[in-house]
Every structure is written in C-alpha cells, then in structure tokens.
Amino acid sequence: MKTNTFLPYAILLVSISSIMSWCSLPIGNTFLWWFLDSIILYYFYKEKKTNYNIITVNLFLVYCIISFLYGALLKTEYYWDWKLLVQNLMTFMLPLTVYAFCHPKQLSKILLFWFNYAWLILIILTPFLSSDAFGRFLVPYSFLALFAVLLDRKSIFFIIAAYIITCTLGNESRSDIIKFTFCILLGSSFLIPKTRKLIFEYRRSIIYLFWTLPIILFVFAAVGKFNIFRLEEELGLEGKYNISNSLSGKEVSVLTDTRTLLYIEEISSAINNNYVLQGRSIARGYDSAYFGDAIDNPLNIKRGERGSCEVSILNIFNYFGLIGVVIYFLIFASASYKAVTQSQNLFVPIIGIYVAFRWAFGWIEDFSRFDLNYLFLWIMIGICFSPFYRNMSNKDIKHWLYQSTKH
C-alpha cells in the first residue's frame, strides 16, 4: 500500500487508540495498537528526504535511541520496564512527524480524510466514552481554529461544535479546554485588524515570553517566592472558583494544586538516584511515595515507581535528564522562532506562537503519548520548520485549507 494511501486510515485509527483509556468498549489490544504505531513510524521515516534535516530534531531522536539502549541494557528489571521502554520509544520517535508532513499536500490528504470521517467514529463511540475522551479526539479542530479568519462557515460551525463538546461532555479535562480555548482566541484575534496588527508587531516578544515564563516561575517556586500552582493561597482566592465534580458530587476548586507534589517527587527521585543530567532512561519511571505502590501492584512489585505523570516537561526530565530538556527546548524555540521571523504569510507565525505556548503549557500538563494530541503538536512543529509552508502566501494558505477541509 502506498504511503499516501495508508496514512489517512492509520491516523484515523490513532484517533481511536487515543481515547481507549476512556472508552468502555474494548477495541483492539496493546499489541494491535503498538503494531499500528510502529507501521506509522516506519512510513514517517520512509518519507524523510535525505536533503532535509533539522539538527535539533535529529539530535533528540538520536538521544532517544541512546536512552532506549541505556534502558534495555542497564535499567530494565521486570516486564513492566520492557513495556514502558517500547511504549516510550514509539512515543518519543514521533518527532519523525516533522519530516512526514513537511510538504502541504501530504498533510492536506490526512486532514481531509480525518475531517470527513472522524465524526462518524465519534458518534458511534460516544455512548461508551467518559469525559476526558472528547477533547483528546477533537484535537484537529483546535489546530484548524488557528486559521479561523480563512475558513468558510461550514468549517467554523464544526469548530464551534467541537469546542462546545469539549467544554461540556469533556469538561473534566481542563488541559484540553485550555488548549482549545487558546487556539480559538489566537485564531479569532486575526479577525480584528487592530488585534492582528498588535500580535504581529509583538510576535517575537510573545514567543520569548512563552519560552522564559515557565523557567522564571519554576525558579520563583523553588526559592519559595511564588508558586503559580497555589494561586488560591498566593492570591487569597480560597473557595471562589469551586465547581461540582460530576463523579463525587462534591464541590472542588478549579485552582486545586495537583502539580507541586509531582515536581517534588520527580526532582527528588532524580537527585536520590543520580540521574539529573542524563535521565533514568525511557525504561523507568520516577520514585513516587504517593502513586508508586498502587501502580506497581499487578505483579506485586513494590519499587514505588510511577511510569509517567501528567506534566510533559517532567517526563522529559525523568527519561532524558537536563540534557534532554535542553534539546527539547531548542526544538520548540527554533521552530517558533523560524515561524515568526522567516514566514511569507500571516498564518505560520500563528502556529509558531502556539508552539511556543505548548512549550510553556508542557510545564503544567501535556501528556506525552502516541496520540492525536502529541501527533498534532509535532505536525505544527513541522509546519514551523518547513520552508514549503513558510514560503506560501496568504492566498496559498487559504487554498491549502480549502483542499484540506472541503466536503
């Protein structure tokens, strides 16, 4: 099967595997989904042009392979280590996406197929889905929202529908709502000439802010000056932003601190086990007194480790250490910088700003999994790097969107 014929079907299947953790209907199994993921990665690698290389991405891919070998030879002890090793290898090889979709025509085929058939799958699966599934399934519409000013009424309708579903049926996933909202606000801002001019004028300052803000806030929290995860305490907002939890029926705060503990445990684990610089490898999680024993129970192994957490940058730190964090940052920084400074249109810079935002958001929550969320993040990073997209005119971008969304 030709690559451009197989991939649209494969990406549609990834939409299903992305939500299996929140679906009561058993579809496939781990081996089936891993087999699909490995075939997709093979095609991504096959699509890579020998004369098109991105140094930071290649460096991360090589470091991922080194981490794999390090984990396989020195760190694996049990079945669950091997399972995490293979799972993480496929997840962190997804940067190959930047090569597979560097040309607009290939991505256009994927998007067109997905937009035409994804709703049918969602409608069929809806009775079996829990809240978190909806936002994760509808990720391509958040990407499309970045181009709101160029879209026809039908596409806008579907974006609004996807957003309403994410905020209602998927209301328990704060992360998906925040990312979708940011895309809508950023894309819609270009409908207002003054706002568009302001964003374009300060586009460099905006990405610089997103690059540095999480690091500054991390330092402030580390020295005890200000912890953004404890806004209720820091700003005296206790009880002012409570909502009802649909499962327990009790009121909970949307500002509840669920992140400080993760930072403390992950950093302590790295220091105690001497892997701050190089990481623990993609075969091992971090020491967690709070989560570890409960997760290790399947084989009665009591190492007290948790394979991963909800915060993207902490996973990168745990698996790849500070070296990996720096390489990872350089990918986001170089991609967003190229997008906002070397583009011949107004819309690749929008994606560049969003990529910079995702670097910052990765310090709060952004799962690193082989799913639509992570896949589309790398698609957008690839658009930022690709000279094909950056050299397109506004008219070219509009035509490409029409080809990607026509029904």
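Helices, of at least four residues, and strands, of at least two, are taken here as DSSP runs numbered from the N terminus. In the predicted model examined here, helix H2 (30–47), helix H4 (79–91), strand E4 (305–306) and helix H16 (312–341) each contribute at least two residues to the lining of the largest pocket. Among the contributors to this lining, H4 gives the most, with 8 residues. The volume of the largest pocket is about 1100 Å³, and of the 40 residues that line it, Ser-21, Lys-83, Leu-84, Gln-87 and Arg-369 are the closest to its centre.

The protein as a whole contains 20 helices and 4 strands, and 53% of its 407 residues are buried. Of the contacts with a separation of 6 or more, 75% are accounted for by residues 24 or more positions apart.

Helix H9 (residues 153–168) comprises 16 residues and reaches 22 Å from its first C-alpha to its last, close to the 22 Å expected at 1.5 Å a residue. Its buried residues are Ser-155, Phe-158, Ile-159, Ala-162, Ile-165 and Thr-166. These residues lie on the same side of H9, because they cover an arc of only 130 degrees around the axis. The exposed residues Arg-153 and Phe-157, by contrast, are carried on the face of H9 turned away from its buried side. The packing partners of the buried residues of H9 are helix H6 (104–125), helix H7 (131–137), helix H8 (139–145), helix H10 (174–189) and helix H20 (394–405).

Notes:
Residues are numbered from 1 along each chain as its sequence is written. This is a predicted model: local features need pLDDT of at least 70, side-chain atom pairs count only at pLDDT 80 or more; totals for chains, interfaces and linings use all residues. Side-chain values use heavy atoms; hydrogens and water are left out. Buried means under 20% relative accessible area, exposed over 50%, partly exposed in between (1.4 Å probe, protein chains only). Contact means heavy atoms within 4.5 Å. The expected span of a helix is 1.5 Å times one less than its number of residues. The arc is that of the directions from the helix axis to the C-beta atoms. On a 1 Å grid over the protein atoms alone, a cavity is a set of points where a 1.4 Å probe fits but cannot get out, and a pocket is an open set with protein on both sides within 12 Å along at least five of seven lines; lining residues have an atom within 4 Å of a point. Grid points are joined across faces, edges and corners, and a volume is the space filled by probe spheres set on the points.
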